[in-house]
Amino acid sequence: MKTAIITATGEQFPIGKIVCLARNYAEHARELGNETPAAPVLFMKPSSSVIDDGEAVQIPAFSRECHYEVELAVLIGKRARNVAAAEAMECVAGYGVAIDMTLRDVQNQLKAKGLPWETAKGFDTSCPLSTFVPAATVPDPHALSLKLRVNGDVRQDGSSADMIHRVPQIIAHVSGIFTLEPGDVILTGTPAGVGRVESGDTMEAEIAGVGRLSIAVRQG
Ligand code: MG
């Protein structure tokens, strides 16, 4: 069982489902040749995919193209079913940093066949996740700088201001499909600049005021 920790308060939540948005930043949707969707595009990662700061992503032997995607992670602290956007922020316990590791070669094969993405998105170690800061310490989750460096070079440098669907709308939408429970995590999508990492690389992901991750990469 993986645990989400709000460091400042010591609160701990067993991690439940991890609901992820695809194509929630227009420029990133364009860089992969995808249309910008009207409704959020959702997929899930199992909690078994989570690794902590300082651990390593293991690229499975069946992939040769593993991409990073830095994302703002929203930790749910209160049960939410069909919640309205106006009340949605009451359900947020904290914010953290995630990297949505993606086997792009596998995902492209699955997309071409119209098949689900879980193999490309939910493999073991595919969800590096930081500790969380209390929601109250982040006055505006849509004014955050997101950065990802590989071996010290900045590859992603975006702002959560560019999200298409914002946190309250995301929670309202998702909670109309899946009941959200304490310990569930939402990954809110990635800005442009995604790319490949290889065995031996080190990724540093950072969201100012929220947290950071340092994650090594190994080829399985
Ligand atoms: Mg993503």
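**Close-up views of the magnesium site and selected salt bridges**

**View A. Arginine 104 and glutamate 69 joined by a salt bridge.** In this predicted model, arginine 104 and glutamate 69 form a salt bridge whose closest N and O atoms are 2.8 Å apart. The pair links distant parts of the chain, with arginine 104 in helix 3 (residues 104-113) and glutamate 69 in the loop between strand 7 (66-68) and strand 8, 35 residues apart. Arginine 104 counts as buried at 3% relative accessibility, and glutamate 69 likewise counts as buried, at 4%. Salt bridges with shared partners bring Glu69 and Arg104 into one network together with Lys45, Asp100 and Lys121.

**View B. The protein donors of the magnesium ion.** Glutamate 71 is buried, with a relative accessible area of 0%, and aspartate 100 is buried with a relative accessible area of 0%.

**View C. Aspartate 184 and lysine 17 in a salt bridge.** The structure holds 11 salt bridges, and in one of them the side chains of aspartate 184 and lysine 17 meet at 2.6 Å, N to O. Distant parts of the chain are linked by this pair, since aspartate 184 lies in the loop between helix 5 (167-175) and strand 15 (185-187), while lysine 17 lies in the loop between strand 2 (11-14) and strand 3 (18-22), 167 residues apart. Aspartate 184 is buried, with a relative accessible area of 2%.

**View D. Arginine 149 and glutamate 206 meeting across two strands.** Side chains of opposite charge can pair when their charged atoms come close. Here the side chains of arginine 149 and glutamate 206 form a salt bridge, at 3.6 Å from N to O. Arginine 149 is placed in strand 13 (residues 145-150) and glutamate 206 in strand 17 (residues 202-207), so the contact ties together parts that are 57 residues apart in sequence. Arginine 149 is partly exposed, with a relative accessible area of 24%, and glutamate 206 also counts as partly exposed, at 26% relative accessibility.

Key
Residues are numbered from 1 along each chain as its sequence is written. This is a predicted model: local features need pLDDT of at least 70, side-chain atom pairs count only at pLDDT 80 or more; totals for chains, interfaces and linings use all residues. Side-chain values use heavy atoms; hydrogens and water are left out. Donors are N, O and S atoms within 2.8 Å of the metal (3.2 Å for Na, K and Ca); water is not among the atoms, so sites may look incomplete. Buried means under 20% relative accessible area, exposed over 50%, partly exposed in between (1.4 Å probe, protein chains only). A salt bridge is a side-chain nitrogen of Lys or Arg within 4 Å of a carboxyl oxygen of Asp or Glu. Helices (H or I, at least four residues) and strands (E, at least two) are DSSP runs, numbered from the N terminus.
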